[in-house]
Amino acid sequence: MKTFKLGGVHPKGNKLSSDKAIKAIGLPKTATISLIQSLGAPPEPVVAKGDKVKVGQLIAKGNAFISSNIHASVSGTVSKIEDTLEASGYRKKCIVIDVEGDEWLETIDKKPNIKLEIQLKKEEIIAKIKEAGIVGLGGATFPTQVKLMIPEGKKAECLIINGVECEPYLTSDHRIMLERGEELIVGVRILMKAIGVDKAFIGIENNKADAIKYLSKLAKNNLGITVVPLKVKYPQGGEKQLIKAITNREVPSGKLPIEVGCVVQNVGTAIAVYEAVQKNKPLFERVVTVTGKSVKNPCNLLARIGTPISMLIEEAGGIPEDTQKVINGGPMMGKSINSIDIYVVKGMSGLLMMPEKESKRVTPSNCIRCAQCTFICPMGLNPYLISQMTETQNEAMAEKERVMDCMECGSCSYTCPAARPLLDNIRVAKNKVGQIIRTRAK
Amino acid sequence: MANLLTISGSPHIQSDNTTKKIMWGVVTALVPTMLVSFWYFGLSAIILTLTSVAACVLFEYLVTKYLLKQASTITDGSAVITGILLALNVPSNLPVWMLIIGALVAIGVAKMTYGGLGKNPFNPALVGRVFMLISFPVNMTSWPLPMVNRTVLADAITGPTSLGIIKEGIAKGDTVDKLMSHVPNYLDMLIGNMGGSLGEVSAIAIIIGGLFMLFRKIITWHIPFTFILTVFLFTGILYYADPTKYIDPVFHLLAGGLMLGAIFMATDMVTSPMSKSGMLVFGFGCGILTVLIRVWGAYPEGVSFAILIMNALVPLINKGFKSKKFGEVIKNG
């Protein structure tokens with residue numbers, strides 16, 4: 001079975017909610033929609049206080065090249081546009097809508113049938129995706145249309161669909177593959193058309209045997225789509241690792257996947273693409289895994305963007321007594337949040353509640369030079385060395401050590417027997433080196 | 001739910017591997033070798049091992065508490081390893097006070113002056129051993145025979161090691177054939193029925209410990225394998241060139257401290273390189289130096305010196321031999 005070769009770790013899966021079907025939770029009383037929903041420039045609001053909006057209506061428009069539209073996830077009246085604490089942990093501009101009913105734009109096709117035939121042309125598909133405000137739903141939230149525009153001189157050879165979900169605890173992609181396989185396949189075909197390739201691979205780790213089996217069956221009648229079972233190893237869902245695992249190609253340092261002819265999209269994104277292109281439905285809801293060892297009812301919830309996360313936690317049986325840390329995302333790459341008074345965003349793949357005894361960090365001791373961090377780094381870096389450079393305030397030296405290749409997967413800190421804060425120090429170095437690179441560019 | 005949530009950077013989980021687990025794993029791996037030494041050298045081996053461990057742990061405790069004024073680190077198990085290795089590197093009739101001085105040098109000088117576990121450039125047990133070898137050359141090179149001395153503490157029946165017999169004999173002009181009748185046969189050498197340091201005698205016990213550490217992923221094969229292979233090939237070439245002047249490679253593998261050195265001392269993670277290619281270079285260097293010293297040097301045994309010299313080169317090796325980075329390929333196939 002395939003996997004990437006260099007490095008990798010095996011954290012416990014803890015997929016507590018993998019057999020829980022996706023459940024749509026009810027509408028919130030108000031939806032608080034942050035303008036920070038994607039990487040790149042935040043979009044400009046196109047509604048004002050007092051405006052009536054319908055579900056799916058554009059409320060903020062992304063004008064920059066790397067920017068993404070935002071649509072109303074509920075119907076009602078815009079009551080405020082103001083700075084509010086949101087998922088990033090900062091106070092950012094949010095559009096608050098008081099919910100009245102659930103009135104969708106007429107243009108959205110709400111019929112449950114699956115539309116197989118793709119009528120739009122390549123450029124129209126990309127325009128549609130851009131209009132629908134679709135971003136990478138794996139967590140990185142990069143505007144999808146940008147990834148689909150192949151730069152001049154480059155050629156896409158294959159599409160890779162990321163169904164790896166290597167983060168422990170998270171199960172939203174797993175459930176999407178099981179429950180919405182047919183739509184997923186159409187979404188994949190749309191993406192193939194958009195980048196002009198006749199080959200697509202769906203990479204799935206073999207801890208999701210049911211998804212592999214089901215999608216393989218569906219892919220059989222769709223020429224060009226192959227399901228690739230992968231050996232479980234973190235961080236296989238990293239773009240470069242997944243490309244290596246499936247095609248054995250290595251994306252050169254500092255380059256994008258298109259350099260080796262690949263475009264990678266997450267399964268959730270492919271579903272959003274299906275909905276946008278076939279059903280005219282913009283991205284205004286997503287599946288969030290709500291989980292944790294003490295959580296009463298770990299589950300996968302379909303929630304509108306802007307829903308308070310307290311509603312999701314309530315649905316999962318309330319916040320456990322021993323909770324000391326709440327994480328937006330998985331335990332390896334997710335961000336711990338300082339308050340549960342935040343709202344669902346497009347990049348929220350999971351909410352993980354960690355009990356007190358797992359929330360505290362182990363006190364670090366001396367590096368024993370065991371070299372485990374260098375063995376497991378999937379980018380082949382020397383985490384101990386970069387960390388040392390930070391500690392001695394020689395971060396600038398880290399550029400030569402390729403610190404910018406680090407994707408912050410956390411395998412080094414996870415593995416370190418001395419519990420050194422390796423990734424923390426590497427982030428400091430990345431920040432510094434990033435500044436140096438930007439100054440140099442000027 | 002707590003009133004204030006904890007905030008920290010990712011990752012939020014930690015593998016269950018710890019420094020303590022690694023160090024106590026090494027101690028476990030040393031158990032077979034210790035038991036063999038107790039079997040062959042009896043009471044004196046037990047006394048030396050206990051003294052050495054106690055002295056190393058005590059010195060580390062005293063230094064951290066009164067000189068460095070830091071939290072004690074003795075529970076991490078690394079001082080215990082140094083203590084055991086130090087004892088395994090001395091003859092069974094070594095006076096206890098000499099061993100205590102060795103422990104003071106190993107822990108006090110070679111380890112704690114640099115900042116304790118992880119900071120020392122040289123293997124502490126080897127520094128302690130070489131210090132004793134230079135300071136007490138007579139006591140450190142008279143080797144009680146196994147079995148016969150099990151209950152004797154002083155005035156043991158001693159003899160030179162196999163490597164010593166060969167080296168002196170060749171220097172006097174004897175041929176290898178003639179000298180071979182004076183050294184133990186290979187089976188005895190394999191199981192440890194020969195004179196030597198406490199822990200140098202049984203290759204099998206050491207290899208069992210090595211396999212355990214490989215299985216627990218405490219060490220990788222790179223250093224011990226290249227170290228032993230280099231010694232085997234180098235002495236093999238010499239033997240092939242002139243079997244009357246050079247002894248065969250199997251003898252070199254089983255005699256002296258090669259197995260103990262290659263498996264337990266050269267693999268010390270603190271003092272060995274951080275990349276796999278670097279480890280191969282390190283093992284190769286250890287092997288070459290060991291043979292050079294054994295065959296042409298002033299001492300019959302060269303493992304300790306070879307490892308210490310290579311320890312000194314580790315920073316350089318780390319600079320020159322880094323792990324392969326992802327995305328370095330220029331062409332994709």
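**Exercise 1. The two domains of chain B**

How many residues of domain 1 of chain B are in contact with how many residues of domain 2 of chain B? Work out the division of the chain, and then describe the side of domain 1 that touches domain 2.

*Solution.* The model is predicted. Begin with the bounds: chain B is divided into domain 1, covering 19-139, and domain 2, covering 161-320. Taken over C-alpha atoms, the centres of these two domains of chain B are separated by 21 Å. Next, count the contacts: 31 residues of domain 1 of chain B touch 26 residues of domain 2 of chain B. The elements that give two or more residues to the domain 1 side are α1 (19-67), α2 (78-88) and α4 (124-135) of chain B, and α1(B) gives the most, with 14 residues. Finally, sorted by class, that side of domain 1 of chain B has 21 nonpolar, 9 polar and 1 charged residues.

**Exercise 2. A buried methionine in chain B**

Determine whether B:Met213 is buried or exposed, and list its contacts beyond its sequence neighbours.

*Solution.* First place the residue: B:Met213 belongs to helix α9 of chain B, residues 203-215. Then apply the criterion: a residue is buried if 20 or more other C-beta atoms lie within 10 Å of its own, and B:Met213 has 21 such atoms within 10 Å, so B:Met213 is buried. Once neighbours within four places in sequence are left aside, B:Met213 is in contact with B:Gly25, B:Val26, B:Ala29, B:Ile218 and B:Ile219. For a distance along the chain, take B:Phe227, which is 14 residues apart from B:Met213 and whose C-alpha atom is separated from that of B:Met213 by 17 Å.

**Exercise 3. Between the chains, and within chain A**

Describe the contact between chain B and chain A, and then that between domain 1 and domain 3 of chain A.

*Solution.* Between the chains, 34 residues of chain B are in contact with 54 residues of chain A. By class, the chain B side of this contact has 13 nonpolar, 16 polar and 5 charged residues. Turning to chain A, the division is into domain 1 (1-24 + 103-360), domain 2 (25-99) and domain 3 (372-441). The C-alpha centres of domain 1 and domain 3 of chain A lie 27 Å apart, and 14 residues of domain 1 are in contact with 15 residues of domain 3 in this chain. The side of domain 1 of chain A that touches domain 3 has 8 nonpolar, 6 polar and no charged residues.

**Exercise 4. A parallel sheet and its helices**

Find the strand order of the open sheet of 4 strands in chain A, explain which strands stand at its edges, and locate the helices α4 and α5 of chain A relative to its strands.

*Solution.* The order is β11-β10-β9-β12 (chain A), and the pairing is parallel. Because β11 (225-230) and β12 (262-266) of chain A each have a single partner strand, they stand at the edges, and one side of each is left without a neighbour in the sheet. On average, and with direction ignored, neighbouring strands of this sheet are turned by 25 degrees against each other. Taking one pair in detail, β10 (residues 200-205) of chain A is joined to β11(A) by 6 bridges, with A:Ile204 standing opposite A:Pro229 in β11(A). Helix α4 (residues 181-195) of chain A packs on the sheet, touching β9 (158-162), β10, β11 and β12 of chain A, and its direction makes about 145 degrees with that of β9(A). Helix α5 (residues 209-219) of chain A lies across β10 and β11 of chain A and runs at about 165 degrees to β11(A).

**Exercise 5. Helix α13 of chain A**

*Solution.* The buried residues of α13(A) include A:Leu422, A:Ile426, A:Lys430 and A:Val433.

Conventions:
Residues numbered from 1 in each chain as written. Chains lettered and ligands numbered in written order. Predicted model: local features only at pLDDT ≥ 70, side-chain atom pairs only at ≥ 80, totals over all residues. Domains from an automatic or database assignment. Contact = placed C-beta atoms within 7 Å. Nonpolar A, V, L, I, M, F, W, Y, C, P; charged D, E, K, R; others polar. Pairing = 2+ DSSP bridges. Axes fitted to C-alpha atoms, helices over the stretch in contact; angles between N-to-C directions. Buried ≥ 20, exposed ≤ 12 C-beta atoms within 10 Å, placed from the backbone.
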